[in-house]
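Me: Hi! I would like to learn how to read charged side chains in a protein model. Could you walk me through it?

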Amino acid sequence: MGNIGAHMEKDIDRIVSVDPDEAHLLIELIETLLDEWYIERAKRENRFARLKQVADDKEDLRKLPFPSNDSLSS
(Lines give C-alpha, C1' and ligand atoms only; values in the text may rest on other atoms or scores of the structure.)
Protein backbone atom coordinates (compact mmCIF):
# COMPACT_ATOMS: atom_id res chain seq x y z
CA MET A 1 0.00 0.00 0.00
CA GLY A 2 1.28 3.48 0.55
CA ASN A 3 2.63 5.68 -2.22
CA ILE A 4 4.70 3.14 -4.12
CA GLY A 5 2.12 2.96 -6.93
CA ALA A 6 2.24 6.70 -7.54
CA HIS A 7 5.78 7.42 -6.37
CA MET A 8 7.97 4.46 -7.15
CA GLU A 9 11.27 4.04 -5.39
CA LYS A 10 14.51 4.34 -7.29
CA ASP A 11 14.74 0.55 -7.13
CA ILE A 12 11.87 -0.35 -9.48
CA ASP A 13 12.34 -4.04 -8.75
CA ARG A 14 11.22 -3.57 -5.15
CA ILE A 15 8.12 -5.59 -4.33
CA VAL A 16 5.87 -4.46 -1.50
CA SER A 17 3.78 -7.25 -0.08
CA VAL A 18 0.07 -6.68 0.39
CA ASP A 19 -1.92 -9.01 2.58
CA PRO A 20 -5.43 -10.16 1.56
CA ASP A 21 -7.17 -7.76 3.98
CA GLU A 22 -5.34 -4.77 2.49
CA ALA A 23 -6.18 -5.92 -1.03
CA HIS A 24 -9.84 -6.31 -0.03
CA LEU A 25 -9.87 -2.80 1.44
CA LEU A 26 -8.39 -1.37 -1.75
CA ILE A 27 -11.00 -3.17 -3.87
CA GLU A 28 -13.74 -1.76 -1.61
CA LEU A 29 -12.25 1.70 -2.03
CA ILE A 30 -12.39 1.37 -5.81
CA GLU A 31 -15.99 0.12 -5.62
CA THR A 32 -16.92 3.06 -3.39
CA LEU A 33 -15.35 5.57 -5.77
CA LEU A 34 -17.08 4.04 -8.78
CA ASP A 35 -20.39 4.06 -6.92
CA GLU A 36 -20.07 7.70 -5.86
CA TRP A 37 -18.61 9.04 -9.11
CA TYR A 38 -20.84 7.20 -11.58
CA ILE A 39 -23.79 5.32 -10.12
CA GLU A 40 -24.91 7.91 -7.56
CA ARG A 41 -24.36 10.74 -10.05
CA ALA A 42 -26.59 8.98 -12.57
CA LYS A 43 -29.26 8.41 -9.91
CA ARG A 44 -29.06 12.08 -8.86
CA GLU A 45 -29.38 13.26 -12.47
CA ASN A 46 -32.37 10.96 -12.94
CA ARG A 47 -34.07 12.33 -9.81
CA PHE A 48 -33.54 15.91 -10.98
CA ALA A 49 -34.88 15.07 -14.45
CA ARG A 50 -38.01 13.53 -12.91
CA LEU A 51 -38.45 16.55 -10.64
CA LYS A 52 -38.12 18.89 -13.62
CA GLN A 53 -40.69 16.82 -15.53
CA VAL A 54 -43.16 17.12 -12.63
CA ALA A 55 -42.60 20.88 -12.50
CA ASP A 56 -43.07 21.18 -16.27
CA ASP A 57 -46.28 19.11 -16.11
CA LYS A 58 -47.62 21.34 -13.32
CA GLU A 59 -46.75 24.44 -15.35
CA ASP A 60 -48.65 23.01 -18.33
CA LEU A 61 -51.68 22.40 -16.11
CA ARG A 62 -51.49 25.94 -14.78
CA LYS A 63 -51.71 27.28 -18.34
CA LEU A 64 -54.98 25.44 -19.07
CA PRO A 65 -58.10 27.60 -19.09
CA PHE A 66 -59.86 27.72 -15.75
CA PRO A 67 -63.46 26.40 -15.94
CA SER A 68 -66.12 29.05 -15.54
CA ASN A 69 -68.96 28.82 -13.00
CA ASP A 70 -71.42 28.05 -15.84
CA SER A 71 -69.59 24.87 -16.83
CA LEU A 72 -69.41 23.71 -13.20
CA SER A 73 -73.19 23.84 -12.67
CA SER A 74 -74.06 21.78 -15.76
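This is a predicted model: local features need pLDDT of at least 70, side-chain atom pairs count only at pLDDT 80 or more; totals for chains, interfaces and linings use all residues.

**Reading charged side chains**

Me: Where do Asp56 and Lys52 lie, and how many residues apart are they?

Reply: Both belong to helix H1, and they are four residues apart, about one turn of the helix.

Me: Is Lys52 buried or exposed?

Reply: Lys52 is exposed, because its relative accessible area is 52% and exposed means over 50%. Asp56 has 32% relative accessibility, so Asp56 counts as partly exposed.

Me: How many salt bridges are there by this rule?

Reply: The count is three. Another one links Glu40 with Lys43, whose closest N and O atoms are 3.6 Å apart. Those two residues also sit in helix H1, three residues apart, which is about one turn of the helix.

Me: How accessible are Glu40 and Lys43?

Reply: Glu40 counts as partly exposed at 28% relative accessibility. Lys43 is partly exposed too, with a relative accessible area of 42%.

Me: Which residue forms a salt bridge with Arg62?

Reply: That is Glu59, and the closest N and O atoms of this pair are 2.7 Å apart. Glu59 and Arg62 are separated by about one helical turn because they are three residues apart in helix H1. Arg62 is exposed, with a relative accessible area of 61%, whereas Glu59 counts as partly exposed at 30% relative accessibility.

Me: What about charges without a partner? Which residues form a positive surface patch?

Reply: Here the thing to look for is like charges, joined within 9 Å, on residues that have no salt bridge and over 30% relative accessible area. In this model, Arg41, Arg44, Arg47 and Arg50 form a positive surface patch.

Me: Can we look at one of them? In which helix does Arg44 lie?

Reply: Arg44 lies in helix H1, which covers residues 20-63. With 37% relative accessibility, Arg44 counts as partly exposed.

Terms used. Residues are numbered from 1 along each chain as its sequence is written. Side-chain values use heavy atoms; hydrogens and water are left out. Patches are made of residues with over 30% relative accessible area and no salt bridge: like charges are joined within 9 Å, nonpolar side chains (Val, Leu, Ile, Met, Phe, Trp, Tyr) within 5 Å. Accessible areas come from the Shrake-Rupley method with a 1.4 Å probe; for residues, only the protein chains shown count as cover. A salt bridge is a side-chain nitrogen of Lys or Arg within 4 Å of a carboxyl oxygen of Asp or Glu. Lys and Arg count as positive and Asp and Glu as negative; His and the chain ends are not counted. The place of a charge is taken as NZ of Lys, CZ of Arg, CG of Asp or CD of Glu. Buried means under 20% relative accessible area, exposed over 50%, partly exposed in between (1.4 Å probe, protein chains only).
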